[in-house]
Amino acid sequence: MKFQNPKTKNKVAIINIVILIIFITSFIFIYLNIPAFGKSDEFILLFSLIILLYLAYLGCPFFRYDSDGETLIFENEKSLPISFLVKESLSDFPKRKLIKFTIKNKPLFKKVLEIYISSRRVNTGLSKVNFDISYLNSQQIRDIRISLNKVINENKK
């Protein structure tokens, strides 16, 4: 199964740019003491900062999953290069190394896919990799869950 969501990445990039422009202009207006919106200038600055931080908290908007062939490929990409709080990740490994996975719902609508892989590099023999899937809808998450369960069931045989 192949899956990716480039449209979401583009939409989030546009939203980030607009909010960043609002944040910078309101900061400049406050610094230069120019009343642009009256008494709500500080509110707009604070609100835009909170939205930028929340979008960074949700993680990477682009997610790619590929289970065709002998390897599993997972990839997270940022929407903007200036998103310094967001960590990109790419992982590809043979299907036989997949041990288990969990999908965790964190506070404030954040969703994380945790993949557990058998590894000789770690003392426990189990390595964990996290991927942000907050921007996926429930149907897409269900499809990924079904595909990963198939891989795990094939590994048990």
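Which side chains meet in a salt bridge at 3.7 Å, N to O? In this predicted model, they are the side chains of E114 and K128.

**Salt bridges**
- E114 lies in strand 6 and K128 in strand 7 (residues 126–132), 14 residues apart, so that the pair links distant parts of the chain.
- K104 also forms a salt bridge with E114, with the closest N and O atoms 3.6 Å apart.
- Salt bridges with shared partners join K104, E114 and K128 into one network.
- E114 is buried because its relative accessible area of 4% falls under 20%.
- K104 is partly exposed at 38% relative accessibility, and K128 is likewise partly exposed at 45%.
- R142 and D143 form a further salt bridge, their closest N and O atoms being 4.0 Å apart.

**The hairpin of strands 5 and 6**
- Strand 5 (residues 98–106) pairs with strand 6 (residues 110–118) in the antiparallel sense over eight bridges.
- Within this pairing, K100 has Y116 of strand 6 as its bridge partner.
- Three residues separate the two strands of the hairpin, and L108 in the turn has a positive phi of about 60 degrees.

- An open sheet is formed by four strands in the order 1-2-3-4, with antiparallel pairing.
- Strand 1 (2–4) and strand 4 (89–94) are its edge strands.

How values were computed. Residues numbered from 1 in each chain as written. Predicted model: local features only at pLDDT ≥ 70, side-chain atom pairs only at ≥ 80, totals over all residues. Heavy atoms only, no water. Pairing = 2+ DSSP bridges. Buried < 20%, exposed > 50% of the residue type's maximum accessible area, 1.4 Å probe, protein only.
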